[in-house]
Amino acid sequence: MDQSPKDEAVRWLEILNRKYGVSLALVCLGIWLHAADSLLVATMVPAIVADIGGAELISWTVALYGIGSIVAGASSGLLAVQYGLRGPMSLAALLFAFGCAVSALAPEMWVVLVGRLFQGLGGGGLMALAFVSVSALFPRRLTARVMGAIATLWGTSAFIGPLVGGLFVEYGTWQGGFWFFAIQAVLMAIWVLVTLRKSKKPDVAERIRFPFWRLLWLSLGVFFIAYGGIEVSILQTSLFVLLGIGALTVFLFLDGRKDQSRLLPPAPLNLMRPLSAALVLVLSFSITTVAITVYGPYLITIIHQQPPIVGGYVMACMSIGWAFVAFLISGVPERHDGKMIIIGMLMVTASLPGYAYSLPYGPVWLIAIFAALQGGGFGAAWTFILRRAITLAPRSEHERVSAAIPTLQRLGYAIGAAYVGILANAAGISDAADSSSLTLVAGLLPLACLPAAAIGLVATVQFVRARAP
């Protein structure tokens with residue numbers, strides 16, 4: 001009875017009310033911490049490198065965050081099924097706070113990376129639980145509007161994040177930015193415990209074992225690929241990349257043998273299955289965003305000699321474009337989902353050659369335009385991907401699919417960060433890199449993401465052509 005005709009548009013007032021307002025605030029609260037912190041750190045990276053060094057480890061600030069996010073995101077669906085939202089969400093907030101504190105106290109870059117791992121565990125859990133909450137707390141006809149609200153908050157958070165990071169770098173210390181978010185995360189954990197104190201744990205007949213070994217293989221896969229990029233050589237890099245691919249293959253094999261505790265839908269990378277094509281779409285296009293996210297602020301600061309806050313705001317244009325487009329079109333009737341997804345992914349693909357020219361040669365405002373184009377593409381598609389995936393999935397798979405989409409997104413970010421880290425270090429990026437090396441890196445990285453975009457476009461066609469049951 002909660003399904004409306006596909007031609008019926010959904011108004012904002014249907015979720016901005018007493019019935020769904022508190023649930024919406026709960027979902028958006030975790031998104032705020034994750035989204036704002038991501039670009040806060042991107043803005044502070046030039047200051048961190050100038051203070052404690054570690055330019056060759058820049059990609060690890062995303063890769064290790066991604067590993068933590070993958071572990072938390074992949075297991076959040078199971079935790080929510082067994083324990084509800086209250087315990088897992090408050091634990092995720094506390095892990096995030098701990099990670100921020102570790103990074104704030106870091107004397108060297110490797111300690112910052114340890115903190116980023118814990119921030120990933122917390123932030124990935126908060127984001128994935130937010131997606132699980134969308135399908136658990138709202139009827140399907142409101143899903144796109146809720147996703148639109150999340151995207152709008154994401155854009156707002158991404159706009160404020162660089163401002164906060166820039167203010168701390170310009171008028172304080174980069175450590176203060178981490179403490180700022182640590183305090184907020186502690187307050188969020190308290191808010192969740194108080195607000196959801198009356199919520200009941202799910203009534204499950206049998207407790208599902210935590211998938212420790214599968215998540216270990218998944219994490220090792222990303223770790224090995226990222227490690228191959230620290231000191232680039234043909235033999236060492238090839239060896240660790242192959243080890244990483246092997247570990248990811250073992251994860252997929254082990255997960256496919258499970259039933260109740262499975263983390264991903266069956267055959268998650270099989271393009272012949274529409275639901276699997278959706279996961280390949282998410283994985284591939286997440287990889288395409290990493291080059292600009294990881295290295296954009298640093299390259300803008302060094303090549304174009306701009307203050308860190310400018311690089312942060314150029315990256316924020318991606319999230320602002322995402323939020324603006326998602327806000328405008330999230331009420332589009334369900335029968336147009338396929339068209340919006342295709343248009344959005346084409347916009348993302350078109351941004352890559354634009355980055356390849358503008359990032360090394362400028363001007364900075366042109367980089368911002370392509371960032372907004374890429375973000376707008378995601379905004380045009382992302383709010384409908386979850387709705388269509390849930391429509392195609394059996395009812396028993398809804399929670400698993402809801403958790404799998406952000407998990408594959410984080411996996412794409414982590415693999416992409418490891419991939420571009422290998423390319424950047426091979427091209428000569430370091431604390432003492434000259435302008436010609438940095439210009440080469442700036443032009444190479446966006447073009448290197450085009451193969452992932454091509455795979456994503458094939459997956460998009462397979463996903464949208466399937467008929468809903």
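How many of the 469 residues of the protein chain count as buried? The share is 61%, where buried means under 20% relative accessible area, exposed means over 50% and partly exposed sits in between (1.4 Å probe, protein chains only). Before going on, note that this is a predicted model, in which local features need pLDDT of at least 70 and side-chain atom pairs count only at pLDDT 80 or more, while totals for chains, interfaces and linings use all residues. Residues are numbered from 1 along each chain as its sequence is written, and side-chain values use heavy atoms, leaving out hydrogens and water.

**Overall build**

The protein chain has 15 helices and 0 strands; helices (H or I, at least four residues) and strands (E, at least two) are DSSP runs numbered from the N terminus. Of the contacts with a separation of 6 or more, 84% are between residues 24 or more positions apart, with contact meaning heavy atoms within 4.5 Å. The accessible surface comes to about 18,500 Å², and carbon and sulfur atoms own 68% of that. Those areas come from the Shrake-Rupley method with a 1.4 Å probe; for residues, only the protein chains shown count as cover.

**One salt bridge**

The structure holds 1 salt bridge, meaning a side-chain nitrogen of Lys or Arg within 4 Å of a carboxyl oxygen of Asp or Glu. It pairs the side chains of aspartate 255 and arginine 214 at 2.7 Å, N to O. Aspartate 255 is in helix α8 (residues 234–256) and arginine 214 in helix α7 (residues 212–227), so the pair ties together parts 41 residues apart in sequence.

Here are some residues with their relative accessibility:

| Residue | Relative accessible area | Class |
|---|---|---|
| Aspartate 255 | 3% | buried |
| Alanine 403 | 4% | buried |
| Arginine 214 | 6% | buried |
| Leucine 29 | 27% | partly exposed |
| Leucine 94 | 44% | partly exposed |
| Glutamine 305 | 68% | exposed |

On the surface, Leu94, Ile183, Val186, Leu187, Ile190 and Val194 make up a nonpolar patch with about 540 Å² of accessible area together. Patches take residues with over 30% relative accessible area and no salt bridge, joining like charges within 9 Å and nonpolar side chains (Val, Leu, Ile, Met, Phe, Trp, Tyr) within 5 Å. Helix α6 (residues 174–195) gives the most, with 5 residues, while leucine 94 lies in helix α3 (residues 86–104).

Leucine 29, in helix α1 (residues 18–52), touches Met188 and Trp191, not counting residues up to four places away in sequence. Its C-alpha atom is 9.7 Å from that of valine 192, 163 residues apart along the chain.

The axes of α9 (residues 274–303) and α10 (residues 308–329) come within 8 Å and cross at roughly 145 degrees. Axes are lines fitted to C-alpha atoms, for helices over the stretch in contact, and angles run from 0 to 180 degrees between N-to-C directions. Among the meeting residues are Ile292 and Gly296 in α9, and Gly311 and Met315 in α10.

Most residues other than glycine have a negative phi, and most peptide bonds are trans. In the loop between α9 and α10, glutamine 305 has a positive phi of about 55 degrees, although it is not a glycine. A cis peptide bond joins glycine 362 and proline 363, with omega about -5 degrees; proline 363 lies in the loop between α11 (337–361) and α12 (364–392).
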